[in-house]
Amino acid sequence: MAYKIYRHGNRKEKNIALTFDDGPHPLFTVNILKSLADHNIKATFFVTGKEAREHSELVRKIISEGHEIGNHSFSHKSMIFRSIFFLINEIEKTDKILKDIDVKGEIYFRPPYGRMDFIARMVLRKMRKKIILWNNGPKDFKCSSSEKIVDKVLKKLKPGSIIVLHDGGGDRSITVQAVEKLVPEILSRGYQFKTVSELIS
Ligand SMILES: [Zn+2]
């Protein structure tokens, strides 16, 4: 296990990873899980420590259905211009919460807003963390309709894509609708859904 930043997987194979940030949420995450189960596909959820601690039963449900869990910081505060103490605490506290909920194996990290400064990178390097960013982010939280989210994702869809959507942090009803439409469409284009660890292995 070594520090590395990933924005996509192998660009030659028609595999992609669907990832969700900022949850888990008792309504939106559960609805997304239903869509994923309908198509028997696996995804990766980058949860905040705060939400994971509050909805630990939901984290267990995500794992039990075969999906992966990643660390998206504890509080979702920006990691820019922070002290080393703050950064280590945000990452380690969340890892501990996740391990206590029975998340197994290496826990990948995704910084809030996908942003890290020199200090944050240094801290993560020392922790030998794998950082998972993305190359397909439709900014679903700014989209006015599920169709817009679907269009944006499909336009940028390529082998190895890491797609990021949001299952928490606000009203994600249209993201839930977008997932329902996106999954069958991506499958019909011949892509396979992988978890992040499968995509980057
Ligand atoms: Zn986030």
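This is a predicted model: local features need pLDDT of at least 70, side-chain atom pairs count only at pLDDT 80 or more; totals for chains, interfaces and linings use all residues.
**Close-up 1. His 76 sits in the loop between β4 and α4 (84-100).** Most residues other than glycine have a negative phi. His 76 counts as partly exposed because it has 19 C-beta neighbours inside 10 Å, and a residue needs 20 or more to be buried.

**Close-up 2. Tyr 113 is found in the loop between α4 and α5 (118-126).** Here again is a residue that is not a glycine but has a positive phi, with Tyr 113 at about 65 degrees. Its 13 C-beta neighbours inside 10 Å are why Tyr 113 counts as partly exposed; the cut-off for exposed is 12 or fewer.

**Close-up 3. Gly 23 and Pro 24 are joined by a cis peptide bond.** Omega for this bond is about 0 degrees. Most peptide bonds are trans. To find the spot, look in the loop between β2 and α1, where Pro 24 is placed.

**Close-up 4. Strand β2 (residues 15-21) pairs with β6 in the parallel sense.** Five bridges link β2 and β6. Strand β2 also pairs in the parallel sense with strand β7 (residues 192-194), over three bridges, and with β3, likewise in the parallel sense and over three bridges. Ala 17 is a handy landmark: its bridge partner in β6 is Ile 162, and its bridge partner in β7 is Lys 194. For the pairing with β3, follow Phe 20 to its bridge partner, Phe 45. Six of the seven β2 residues are buried, so the strand is largely enclosed by the rest of the structure.

**Close-up 5. Strand β6 (residues 162-166) is mostly covered.** Five of its five residues are buried. Ile 162, Val 164 and His 166 point one way from the strand, while Ile 163 and Leu 165 point the other way. Both sets are buried, His 166 included.

**Close-up 6. Helix α3 (residues 56-64) has a buried face made of Leu 58, Val 59 and Ile 62.** Looking down the axis of α3, you will find these buried residues within an arc of 105 degrees, so they line one face of the helix. Glu 57 and Ser 64, on the other side of α3, are exposed. What do the buried residues of α3 pack against? Their neighbours are α1, β3 (44-47), α2 (49-54) and β4 (68-71). Just after the helix comes Gly 66, with a positive phi of about 95 degrees.

**Close-up 7. Helix α1 (residues 28-38) and helix α7 (residues 173-188) have axes that come within 9 Å.** Two packed helices are described by the angle between their axes and the distance between the axes. In this pair, the axes cross at roughly 10 degrees, which means that α1 is roughly parallel to α7. From α1, the contact uses Phe 28, Asn 31, Ile 32 and Ser 35; from α7, Thr 175, Val 176, Val 179, Glu 180 and Val 183 take part.

Methods
Residues are numbered from 1 along each chain as its sequence is written. Axes are lines fitted to C-alpha atoms, for helices over the stretch in contact, and angles run from 0 to 180 degrees between N-to-C directions. Helices (H or I, at least four residues) and strands (E, at least two) are DSSP runs, numbered from the N terminus. Angles under 35 degrees count as roughly parallel, over 145 as roughly antiparallel, 65 to 115 as roughly perpendicular and the rest as oblique. Two residues are in contact if their C-beta atoms, placed from the backbone, lie within 7 Å. The arc is that of the directions from the helix axis to the C-beta atoms. Two strands pair if DSSP finds at least two bridges between them.
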